[in-house]
Amino acid sequence: MLPESVRIVEVGARDGLQNLPTPASSETRVELVNLLSQSGLQHIETGSFVSSDYVPQMAGSDQVFKTIKRQSDVVYTALTPNLRGMEDALKAGADEAAVFASASEGFSQKNINCSIAESLKRFEPVMELAKQNSMPVRGYVSCIISCPYDGATTPRQVAEVTKALYQMGCYEVSLGDTVGTGTPLRVKRVLEACCREVSIRHLAAHYHNTYGQALANIYASLEEGLAVVDSAVAGLGGCPYAPGASGNVATEDVLYLMEGLNITTGVQMNKLLEAANFICHQLGIRSHSNTGLALNK
Ligand code: HMG
Ligand code: MG
C-alpha cells in the first residue's frame, strides 16, 4: 500500500546550486528560498557550511540564512560536514543540520577527504553539539547504488552506514543515489537491506536523475512504505565530486506523480513553478522538469 502523505524535502537551493559553473549570488539564493517558502514545502535545505575550497558556490550561506524571510512552518536545513560547519550553522540560525557520509570509500575520500570510519567518528562531536542545542540532525548516505570511483555499491554497505548514522542520533537518513544509476529493483534491494537495521519511517529517498530513473525509483520506494522524498526545483543539482551525475529529480515531477497517486504533500504546483521559473531565468537555463516544461507551455 502506498503512503497517504509524503514529505518533500526541497534541496534545490543547496544540491541544485552547489554545482554551478558560476555561483549564484546571495540575492538569488535568498529569493529562491523565499519563493519556495511560499509553496507549502515544509522542509527546505538552504545552504551548506563546508570548505569554500571544495564548494565555492556555497560560500556566504550564513548571509543567506540570515536574510531569508522565514515561514514559521518551514524547517530550514544546513549541510554540515564537521564541527566547524555545525558551529557556523548554529550561528547562522539554521533550524536543522545534515551530516553526510558515503557508502563507498572512494567518494568519501574525494568529497570529504576522509574514510567512511573517520567521517562517522568526526560526526560524534557534531551530534553532541547539536544535542546540546536541541538541533535535529538528518543524515545522508551517498553512493547507495554506485560510486564514480569504486563502481557498484552493495546493499550491505549502505545498510551499515545508515545504521551508524541512525544510531548516532540522526532522526532520518536520506539515501542518495548520487550518480543516478539506480533502477527500481536495485533500489528495492537497498531499502530491504536498510530496513533490517532502521525502520522505513526514518528513511528518505534522494535520487539523482542521470538515467531518467528517479521517478520510477521513487515509486518503487513508496511501494516499500517510504514517505519522504528529496527533490530539487527544476531538477537542478549535482555534486562537484560526482562527475557525470545530473540533477536531482525535479520537485515539480515528484509533485505531479504524488497528485496522480492522491498522495498529500501540501505543496502547490503554481507556487513551485514560480520558484522554478525564477531560478531558471536567473541562471539562464531551461528547466530539467518535464512537468515544468509542459505546464509552462
Ligand atoms: P579538509 O581539507 O580535510 O579539512 O576538508 P581540514 O579540517 O583539514 O581544513 C582545511 C581548511 O578548510 C582549513 O582552512 C579549515 O579551517 C577549513 P585553512 O586553515 O586551510 O584556511 N574548513 C572549513 N571551512 C569552512 N567550513 C567548514 C570547514 N571545515 C574546515 N566546515 C572538509 C574536509 C569536510 C572540510 C571538506 O572536504 C569539505 O568541505 N567537503 C564538502 C564537500 C561538499 O560539500 N560536497 C557536496 C555536498 S555532498 C552531496 O552533494 C551529496 C548529497 O547531495 C547526497 C547525494 O546526492 O548522495 C548530500
Ligand atoms: Mg545529492
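At what angle do the axes of helix α8 and helix α9 cross, and within what distance do they come? The axes of α8 (residues 184-195) and α9 (residues 214-223) cross at roughly 40° and come within 9 Å.

This is a predicted model: local features need pLDDT of at least 70, side-chain atom pairs count only at pLDDT 80 or more, and totals for chains, interfaces and linings use all residues. Residues are numbered from 1 along each chain as its sequence is written, and side-chain values use heavy atoms, without hydrogens and water.

Helices are DSSP runs (H or I, at least four residues), numbered from the N terminus. Axes are lines fitted to C-alpha atoms over the stretch in contact, with angles from 0 to 180 degrees between N-to-C directions.

| Helix pair | Axis angle | Axis distance |
|---|---|---|
| α8 and α9 | roughly 40° | within 9 Å |
| α2 and α11 | about 165° | 8 Å |

**α8 and α9.** Residues in contact (heavy atoms within 4.5 Å) include Val 187 and Leu 191 in α8, and Ala 216 and Ala 220 in α9. By class, this contact has five nonpolar, two polar and two charged residues.

**α2 and α11.** Helix α2 covers residues 26-37 and α11 residues 269-283. Their angle makes them roughly antiparallel. The crossing is left-handed. Leu 32, Leu 35 and Leu 36 are among the α2 residues that meet α11, where Phe 278 and Ile 279 are among the partners.

Definitions and conventions:
Chains are lettered from A and ligands numbered from 1 in the order in which they are written. Helices (H or I, at least four residues) and strands (E, at least two) are DSSP runs, numbered from the N terminus. Ala, Val, Leu, Ile, Met, Phe, Trp, Tyr, Cys and Pro count as nonpolar, Asp, Glu, Lys and Arg as charged, and the others, Gly among them, as polar. Angles under 35 degrees count as roughly parallel, over 145 as roughly antiparallel, 65 to 115 as roughly perpendicular and the rest as oblique. A crossing is left-handed if the near helix is turned anticlockwise from the far one by less than a right angle, and right-handed if clockwise.
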